[in-house]
Amino acid sequence: GELWCSTQADILEQGAFPEVTTGNQSSKPTSLERKPSPAEYRFILPEFLPDPKVEWRNKIREKLERADMLKRRKIIDIPEFYVGSILAVTVSDPHAPGKMSRFLGLCTERGGCGLRAYFVLRNVIDGQGVEVMYEMYNPTIQSVEVIRLEKRLDENLRYLRDCPSEFSTFPQDMEHEILPPGSTVPLNTLKVPLTARTWSQKWQYWNLKGVEPHTMQLEYWQKKKYIKTQLSGNVPKLAPWHKYELMEEYRSSIPEEEQVEMYSEVLTELGDRLMKEGRTRRRRTLVRPRKTA
Amino acid sequence: MLKQHLGSLVSSCLPRFLRVGLNPPSSSGRRWFHASTPALHIMRMTRLRVVDNSELGKQAMLEGKPPKCIGIYKRVQIGNTGDRIIVAIKGQKKKAVIVGCKGKLIKPLVPRFDTNNIVLVDEDNTPLGTRILAPIPHSLRAKGEYSKLIAIATRFV
């Protein structure tokens, strides 16, 4: 995956859509007619891309979903975040005192397409590990704040369940860490040690980069078995020829032309908003409409 | 941290170092028992973690003999947060309320805990301890019968 990605504000402020291959940067002023580069937007707003599985695709449904998502984004500010960022979500909860409950945590994973897009926050409270899943377009969510914006070496941090608790602990009253304007998303190259086995999943097979390698070592007979599984091709992703599978890659991604089309729609709706908002910005919260008379 | 294993009967026959969760040294020639993935449900035979400061609960957790679920007050014998269950703890039968589950993250806004937590209670849902030491989900407030539990809770999620 891409380790470098500039902010949505950068792209529009500088008027630059740097080509990933050539690295060109133009100094033209921002304009709404300018097409967004999929190389940028597919990382910033990944939930706008539908599931690449052909049987599940329906262009009309996707268009309607995108319209609904953009409507929701006009009411509430869903900021740019990545797996490894620290978020605080305020949700309206009928059972909580004050009818609102706030939870701060590290974004461990992120997924889903369209209105079903979700993310998971993890934190350790009073020594107890807690994870909560939030659907991004859930109307009961009052606000989503990014406390610390950063990326990690892995797309999925579920292995933190099998790590010492200090790597998942963040105080609930943490202050917002504001980045200087025009900066890129920092990459946290932290390598976390796993606890002694048994683990909840076989992390040694997940190609984890954000884990201390000496805590993941296999016994000699486990290594033999792993190599055997790879060479047999029974598990497709592990097979050595998998990286040459072009059709596999085609089937698991959305073509660039469609991405450009989708994101240009997004840009025309959200364009002004994205230009005004930088990383150093205010948090928008939902204002409850009041009954008059 | 409690680990759930389907072959709980098997694990009781294994030597102590295997139960604790370490791999045997390669030189010993012993193999690690490969069990199928554990069912992330609270059902009969599930070992649980007592999260209040009752004497009975503290003693049981210290000794390394955690309470075991032996019955669930539901038609479907699968326990979730907020269900009442019977546990076998230190040779006694006690009622308990599940306050945290280690199940998969399926439902949004429902918190998932790293351990299966219970609070020991009486017949009329009066807790045996005076404080609950782990965070509890807000959803327990929905059932009026757990008001005494809520009163002794320290933190909510």
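A charge is taken to sit over a ring if NZ of Lys or CZ of Arg is within 6 Å of the ring centre and within 35 degrees of the ring normal. The views below show a predicted model.

**View 1. Charged side chains over aromatic rings in chain A.** Lys151(A) lies over the face of Tyr82(A), at 4.7 Å from the ring centre. Arg110(A) is placed over the face of Phe81(A), with 4.2 Å to the ring centre. Phe81(A) also belongs to an aromatic cluster, together with Phe119(A) and Tyr134(A).

**View 2. Overview of chain A.** The chain contains six helices and seven strands. Read from the N terminus, its elements follow the order α-α-α-β-β-β-β-β-β-β-α-α-α. Of its 293 residues, 46% count as buried. Chain A exposes about 16100 Å², of which carbon and sulfur atoms supply 54%. Among contacts between residues at least 6 apart in the sequence of chain A, 66% join residues at least 24 apart.

**View 3. An open sheet with strands from chains A and B.** Six strands are arranged in the order 5(A)-1(A)-2(A)-3(A)-4(A)-5(B), with antiparallel pairing. Strand 5 of chain A and strand 5 (112–113) of chain B are the edge strands, each pairing on one side only. Strand 2 of chain A pairs with strand 3 (residues 118–125) of chain A over five bridges in the antiparallel sense. Here Leu106(A) has Arg122(A), in strand 3 of chain A, as its bridge partner.

**View 4. Strand 1 of chain A and its two partners.** Six of the seven residues of strand 1 (residues 86–92) of chain A are buried, so this strand is largely enclosed by the rest of the structure. Six bridges join strand 1 to strand 5 (residues 141–148) of chain A, and the two run antiparallel. Ile86(A) stands opposite Arg148(A) of strand 5 of chain A. Towards strand 2 (residues 100–111) of chain A, strand 1 of chain A forms seven bridges, again antiparallel. Ser92(A) has Met100(A) of strand 2 of chain A as its bridge partner.

**View 5. Aromatic pairs in loops of chain A.** Five aromatic pairs are found over all chains of the structure. Tyr159(A) lies in the loop between strand 6 (151–152) and strand 7 (187–188) of chain A, and Trp203(A) in the loop between strand 7 and helix 4 (220–232) of chain A, so the pair ties together parts that are 44 residues apart in sequence. Trp203(A) also forms an edge-to-face pair with Trp206(A), at 4.8 Å centre to centre and 70° between the planes. Tyr159(A) is buried at 1% relative accessibility, and Trp203(A) is buried at 1%, whereas Trp206(A) is partly exposed at 35%.

**View 6. The open sheet of chain B.** Five strands of chain B have the order 1-6-4-3-2, with mixed pairing. Strand 1 (49–50) and strand 2 (68–72) of chain B each have a single partner strand, so one side of each is left without a neighbour in the sheet. Strand 1 of chain B runs parallel to strand 6 (residues 117–121) of chain B, joined by two bridges. Val50(B) has Ile118(B) as its bridge partner in strand 6 of chain B.

**View 7. Helix 3 of chain B.** Leu56(B), Gly57(B) and Ala60(B) are buried in helix 3 (residues 55–63) of chain B. They cover an arc of only 100° around the axis, which puts them on the same side of the helix. Their cover includes strand 1, strand 3 (84–89), strand 4 (92–100) and strand 6 of chain B. The face turned away from the buried side carries the exposed residues Glu55(B) and Leu62(B). Gly64(B), which follows the helix, has a positive phi near 85°.

Notes: Residues numbered from 1 in each chain as written. Chains lettered and ligands numbered in written order. Predicted model: local features only at pLDDT ≥ 70, side-chain atom pairs only at ≥ 80, totals over all residues. Heavy atoms only, no water. Pairing = 2+ DSSP bridges. Helix = DSSP H or I, 4+ residues; strand = E, 2+ residues; numbered from the N terminus. Buried < 20%, exposed > 50% of the residue type's maximum accessible area, 1.4 Å probe, protein only. Arc of directions from axis to C-beta. Contact = heavy atoms within 4.5 Å. Areas by Shrake-Rupley, 256 points an atom, 1.4 Å probe, with all protein chains shown as cover. Phe/Tyr/Trp six-rings, centres within 6.5 Å; stacked < 30°, edge-to-face > 60°.
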